[in-house]
Amino acid sequence: MIANKKILAVVPARGGSKGIPLKNLRQIGGKSLVSRVGDVIRQVPAIDRSVVSTDNEQIAGEAERAGISAPFRRNKKLSGDRICDHDVLVDALVTMEVFDSCRYDIILMLQPTSPFRT
């Protein structure tokens with residue numbers, strides 16, 4: 001929480017990449033891309049809740065092992081090549097506000113495909 005504002009971190013990680021299948025499970029330095037996001041989230045105590053938005057059970061499992069909740073699966077209509085991040089984030093926000101019975105004030109998107117962020 002920052003200044004009494006609840007923060008939801010959303011990790012968008014669909015399974016259907018055409019270029020590199022299941023790329024979010026690929027490893028760099030012995031850790032999957034999804035697991036690396038979990039490492040970053042643990043370093044930011046202001047994050048109140050972190051969830052993965054995925055359509056894939058393997059990615060959901062990897063996210064859970066990395067400490068990122070996977071309480072829902074992304075609708076297939078939000079899993080195509082031409083879906084914008086905004087739609088994915090709004091879907092995750094609305095879903096989690098209902099799931100958690102609260103209102104989030106800040107949404108932080110942490111893409112697994114940026115593994116060297118600090």
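Begin by selecting Asn4, which lies in the segment before β1; helices (H or I, at least four residues) and strands (E, at least two) are DSSP runs, numbered from the N terminus. This is a predicted model, in which local features need pLDDT of at least 70 and side-chain atom pairs count only at pLDDT 80 or more, whereas totals for chains, interfaces and linings use all residues. Residues are numbered from 1 along each chain as its sequence is written, and side-chain values use heavy atoms, with hydrogens and water left out.

Although Asn4 is not a glycine, it has a positive phi of about 60°. Asn4 is exposed, with a relative accessible area of 70%, where buried means under 20% relative accessible area, exposed over 50% and partly exposed in between (1.4 Å probe, protein chains only).

Leu22 counts as partly exposed, at 24% relative accessibility.

Now select strand β4 (residues 49-53), in which Ser50 is found. Both faces of β4 are covered, with Arg49, Val51 and Ser53 buried on one side and Ser50 and Val52 buried on the other. β4 pairs with β1 in the parallel sense over 5 bridges (two strands pair if DSSP finds at least two bridges between them), and Ser50 in β4 is the bridge partner of Ala9.

What surrounds Ser50, leaving aside its neighbours within four places in sequence? Show Ala9, Ile41, Gly67, Ile68 and Ser69, with which Ser50 is in contact, contact meaning heavy atoms within 4.5 Å. Ser50 counts as buried because its relative accessibility is 9%.

Finish at the largest pocket, which has a volume of about 270 Å³. Of the 15 residues that line it, the closest to its centre are Pro12, Arg14, Arg74, Asp85 and Gln111. On a 1 Å grid over the protein atoms alone, a pocket is an open set of points where a 1.4 Å probe fits, with protein on both sides within 12 Å along at least five of seven lines, and lining residues have an atom within 4 Å of a point; grid points are joined across faces, edges and corners, and the volume is the space filled by probe spheres set on the points.
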